[in-house]
Amino acid sequence: MSEPERTATDEVAARVEALRAEVAEHDRRYHTDDAPTISDAEYDELVRELRRYEDEFPELITPESPTRRVGAAPSTLFAPVQHLQPMMSLDNAFALDELVAWGERLERRLGAGRDDDPVDYACELKIDGVAISLLYEDGALVQAATRGDGRVGEDVTANVATIDTVPSRLPAGAPTVLEVRGEVFMSRPAFDALNERQAAAGERLFVNPRNSAAGSLRQKDASITAGRELSMWCYQLGAVEGAPPFTRHRQTLEFLAELGLPVNPEVRVVGTVGDVHAYCLQWERHRHDLDYEIDGVVVKVDGLARRGELGSTTRAPRWAIAYKFPPEERTTRLREIHVSIGRTGRATPYAQLEPVFVGGANVSQATLHNEDQVRAKDVRPGDTVIVRRAGDVIPEVVGPVLAERPPEAEPWAFPTTCPCPRASPLVRPEGESDTRCVDLQCPFQLQGSIEHFASRSAMDIEGFGEQRVRLFLDLGLVRDIADVFTVDWDQVRSLEGFGETSVANLQAAVDAARQRPLANLLVGLNIRHLGPTGARALAGAFGHLDRIMAASVEEMAAAEGVGPVIARAVHEWFADEGHRAVVEKLRAAGVNFTGPDRPRVEPVLAGMSVVVTGTLEGWSREEAEEAIKARGGKSPGSVSKKTTAVVVGEGPGASKLTKAEELGVPVLDEPAFAHLLSTGELPGVVEAEPSV
């Protein structure tokens with residue numbers, strides 16, 4: 001006996017109506033106003049909840065439901081444009097099981113899946129931008145329109161014509177009618193430059209590249225759009241007349257590229273859903289290697305005839321799906337703004353948040369960078385804010401959701417005194433963006449400087465972590481970095497939780513640190529602007545701490561890899577009497593002042609530029625780059641026409657490999673890199689591994 005069909009309760013029906021109204025409102029704010037009030041992930045959750053109810057209770061489905069529509073009605077600010085072919089939306093997958101289920105549905109519909117009848121899948125990066133349709137007639141760009149509601153969009157031809165990568169005319173032989181779909185976006189460098197200009201002008205900062213691209217594209221004054229450095233990738237043919245016949249999606253993309261239209265180089269065609277998922281995971285890991293934002297992967301059936309067999313629903317094709325990456329942005333409430341004091345005295349404002357899960361972690365605090373950033377973003381206690389956590393990057397507050405701002409919210413003022421018990425003044429030096437505590441006895445600075453001194457990049461003293469440093473400071477066992485070497489170990493043994501073995505291990509780690517290379521000591525001194533690379537350069541150029549202390553700014557700046565900013569900071573640090581007293585305590589403790597710790601080598605790489613990507617077995621990234629520089633070469637962070645070779649380790653950046661392939665730059669494995677370092681000669685090069 002079959003189970004009776006379930007019917008929706010009044011409570012469920014009311015929830016569905018509320019969800020429809022909420023989703024429709026967010027559609028309007030996103031597509032029409034370019035001012036979303038929730039993150040993409042939170043929007044997706046609302047839509048998925050609505051779909052679950054509609055799937056369970058079909059009687060609640062209406063033609064007006066947002067799950068049956070594409071986008072939103074076009075704005076009245078621009079002339080309406082009827083698309084020759086509808087611009088449909090895409091269904092989403094958020095996990096492997098959803099992707100597999102989609103693939104199984106396709107194969108059932110097609111009767112495919114046999115070895116002699118495989119389904120190929122075209123995988124494309126899902127660009128986080130604004131969907132656009134270009135119309136060319138007899139090779140000339142005659143119209144550009146936004147998606148709108150999928151059938152009618154907005155005429156933004158004048159604005160799109162300012163985008164450098166969009167050709168105004170196609171070469172001879174172009175189709176008589178060509179409708180091209182793509183995504184207009186703003187690269188990260190262009191977005192950063194735009195916000196720098198906004199900050200310099202005292203204007204509000206833009207929240208993210210996607211919103212910036214959307215707002216720039218929909219300007220009434222095309223000259224404003226022209227100054228925003230927009231770009232575009234084309235991903236689909238629409239209506240076409242006078243083109244050769246195509247059987248595969250990949251052929252259409254090759255055709256568009258031959259016409260001079262921008263097609264993303266990371267498109268891959270694979271044979272199984274497992275291969276599709278591997279591509280998705282690859283780009284989920286390497287999404288930040290790109291200089292533009294992506295939020296997932298679009299997967300399409302490659303065969304055009306099979307697309308015709310599969311057809312579409314009212315809003316989306318059955319032959320395509322969007323695999324969405326885990327969210328890196330969420331909205332939450334900003335409770336308070338506080339200031340933390342770092343080891344150099346820098347005062348950094350940060351937000352205390354209502355906890356939110358974003359970027360794979362629970363976040364309750366996020367940085368606000370500095371006073372200018374707080375002012376430019378105009379975030380206030382009580383605001384609903386957008387929080388971003390990308391990969392391992394420190395969480396940050398991107399900006400406020402102004403539509404949700406409480407009427408009583410007041411602008412936040414930067415404090416004038418340090419939050420430490422000494423309440424020392426906070427000072428912002430003229431011409432600098434950072435505010436600093438100038439009290440060298442500030443407890444926050446002391447703790448931070450000692451933790452840094454004991455860190456792996458400096459003196460590498462295992463066991464001197466945050467809690468132990470705080471305890472030793474509170475008990476008066478240490479007062480500065482030099483006191484690390486004169487700790488009263490008998491007193492430590494008397495403390496609760498310190499057994500003989502743990503004290504012996506800590507004491508041995510301290511004793512071993514006395515013989516660390518000079519470069520490590522220089523890093524540990526906590527000199528502003530001086531990092532490991534500059535420290536190694538100074539140690540190699542002068543060979544002893546006393547000679548560095550006696551050197552002039554000009555003499556230090558002349559050392560390869562130092563420069564005037566580092567040289568001035570080092571000179572000023574050693575000119576301070578308190579700092580010199582610490583140095584003498586270190587000398588008395590038997591700390592090594594002699595360098596360098598590396599042999600002199602021949603400049604066999606003089607004039608060469610060698611890029612390193614991925615993880616090498618024999619070198620850390622810094623060591624590999626230092627080995628290149630020690631031999632007279634350069635090791636930039638990106639590949640260009642001037643690059644001599646690219647050294648590839650485990651898990652390389654896909655964009656660097658792609659660029660190397662495009663430019664014909666030799667790609668070296670680790671043995672080939674060792675040969676290059678020893679001889680300065682490029683050995684027989686290896687082929688670049690595919691990105692996926």
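Here is a short tour of this structure, one selection at a time.

The model is predicted, so local features need pLDDT of at least 70, side-chain atom pairs count only at pLDDT 80 or more, and totals for chains, interfaces and linings use all residues. Residues are numbered from 1 along each chain as its sequence is written, and side-chain values use heavy atoms, with hydrogens and water left out.

**Stop 1: the sheet.** Select the five strands that form an open sheet in the order β2-β11-β10-β3-β9, with mixed pairing. Strands here are DSSP runs (E, at least two residues) and helices are DSSP runs too (H or I, at least four), numbered from the N terminus; two strands pair if DSSP finds at least two bridges between them. At the edges sit β2 (92-93) and β9 (268-270), each pairing on one side only. Now pick β3 (residues 121-127) and β10 (residues 294-301): they run antiparallel, joined by seven bridges. Across that pair, Ala122 stands opposite Lys300 in β10.

**Stop 2: Asp138.** Go to the loop between β4 (130-137) and β5 (140-146), where you'll find Asp138. Is Asp138 buried or exposed? Asp138 is exposed, at a relative accessible area of 57% (buried means under 20%, exposed over 50%, partly exposed in between, with a 1.4 Å probe and protein chains only). Setting aside neighbours within four places in sequence, Asp138 is in contact with Arg169, Pro175 and Thr176 (contact means heavy atoms within 4.5 Å).

**Stop 3: helix α9.** Select residues 273-286, and you have α9. Among its buried residues are Val273, Tyr279 and Trp283.

**Stop 4: Asp511.** Jump to helix α15 (residues 500-513) and click Asp511. Asp511 counts as partly exposed, at 37% relative accessibility. Gly590 is 79 residues apart from Asp511 in sequence, yet their C-alpha atoms are 9.4 Å apart.

Stop 5: For Cys442, the nearest is that of Cys418, 3.8 Å away. Cys418 is buried at 3% relative accessible area, and Cys442 is buried at 0%.

Methods: Expected span 1.5 Å × (residues − 1). Disulfide = S-S within 2.5 Å.
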